[in-house]
Amino acid sequence: MNYFLLKHLHVTCVVISISLFVLRGSLELLRRPWRHWLVLRVVPHVIDTLLLGTALWMAWRIGQYPFVHGWLTAKVLALLAYIVFGMRALGKSTPQAQRLPFFLGALVSVGYIVGVALTHSPSWGLL
Ligand code: HEM
């Protein structure tokens, strides 16, 4: 696949993934039963699989890899933080009072990832 299309697909998945997370997190904070909608249970998994698949495909295409190149290592570690915070923010057993801090932690993590992606630098080029 053309690299430009691959990157476009990756960024499209990023936008959909973050939007669906914000939607589910907000509904959860408002105590709305979002799990009743099949689309909100299934689509995020499909999009996140595509997001990771395009990420690894592009890394292979440009010959840069996590745990070899700093900016991709930072993306993968921050992605793990995003997943853990996100799971806690949406988890059925998470106390309601802890949801907002986990939700905000997930948003900070994913915001950091976007900054790293745009600058190709773990410090956003600030150091
Ligand atoms: C939630 C997770 C992720 C987000 C929010 C994200 C975000 C982005 C964004 C916004 C871009 C476009 C940057 C630009 O316009 O130049 C991008 C590109 C890219 N991302 Fe991700 N990404 C994520 C996960 C990953 C992971 C885990 C990897 C590592 C395997 C990865 C590898 C790449 C690569 C190789 C590019 C292309 C860089 C280039 O051609 O300049 N991404 N990512």
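The structure is a predicted model: local features require pLDDT of at least 70, side-chain atom pairs count only at pLDDT 80 or more, and totals for chains, interfaces and linings use all residues. Residues are numbered from 1 along each chain as its sequence is written.

Helices are DSSP runs (H or I, at least four residues), numbered from the N terminus; strands (E) need at least two. Two packed helices are described by the angle between their axes and the distance between the axes. Axes are lines fitted to C-alpha atoms, for helices over the stretch in contact, and angles run from 0 to 180 degrees between N-to-C directions.

Angles over 145 degrees count as roughly antiparallel, under 35 as roughly parallel, 65 to 115 as roughly perpendicular, and the rest as oblique. The H3–H4 crossing is left-handed. In a left-handed crossing the near helix is turned anticlockwise from the far one by less than a right angle; clockwise is right-handed.

Contacts between H3 and H4 involve residues on both helices. On H3 they include Trp 71, Ala 78, Tyr 82, Phe 85 and Ala 89. On H4 they include Arg 99, Phe 103, Ala 106, Val 110 and Ile 113. Residues count as in contact if their C-beta atoms, placed from the backbone, lie within 7 Å. The residues of this H3–H4 contact divide into 16 nonpolar, 3 polar and 3 charged. Here Ala, Val, Leu, Ile, Met, Phe, Trp, Tyr, Cys and Pro are nonpolar, Asp, Glu, Lys and Arg are charged, and the others, Gly among them, are polar.

H1 also packs on H4. The angle is about 170° and the axes lie 10 Å apart. H1 and H4 are therefore roughly antiparallel to each other. Ile 18, Phe 21, Gly 25, Glu 28 and Leu 29 of H1 meet Arg 99, Leu 100, Phe 103, Ala 106 and Val 110 of H4. By class, the residues of the H1–H4 contact are 7 nonpolar, 1 polar and 2 charged.

H1 packs against H3 at about 35°, with the axes 9 Å apart. Phe 21, Arg 24, Gly 25 and Glu 28 of H1 meet Gly 86, Ala 89 and Leu 90 of H3. This H1–H3 contact has 3 nonpolar, 2 polar and 2 charged residues.

The ligand is surrounded by 20 residues. The closest are Val 14, Ala 55, Met 58, Ile 113 and Ala 117. A residue is near a molecule or strand if its C-beta atom, placed from the backbone, lies within 6 Å of it. The shell has 17 nonpolar, 1 polar and 2 charged residues.

Glu 28 lies in H1. Glu 28 is buried, with 21 other C-beta atoms within 10 Å. A residue is buried if 20 or more other C-beta atoms lie within 10 Å of its own, exposed if 12 or fewer, and partly exposed in between; C-beta atoms are placed from the backbone. Beyond four places in sequence, Glu 28 contacts Trp 34, Ala 89, Leu 90 and Arg 99. Glu 28 and Arg 88 are 60 residues apart in sequence and 11 Å apart in space, C-alpha to C-alpha.

Arg 99 belongs to H4. Arg 99 is partly exposed, with 18 other C-beta atoms within 10 Å. Not counting residues up to four places away in sequence, Arg 99 touches Glu 28, Leu 29, Ala 89 and Thr 94. Arg 99 and Phe 85 are 14 residues apart in sequence; their C-alpha atoms are 9.3 Å apart.

Two loop residues have positive phi without being glycine. Arg 31 has phi near 60° and sits in the loop between H1 and H2. Arg 31 is exposed, with 9 other C-beta atoms within 10 Å. Phe 67 has phi of about 70° and lies in the loop between H2 and H3. With 9 C-beta neighbours inside 10 Å, Phe 67 is exposed.

Definitions and conventions:
Contact = placed C-beta atoms within 7 Å.
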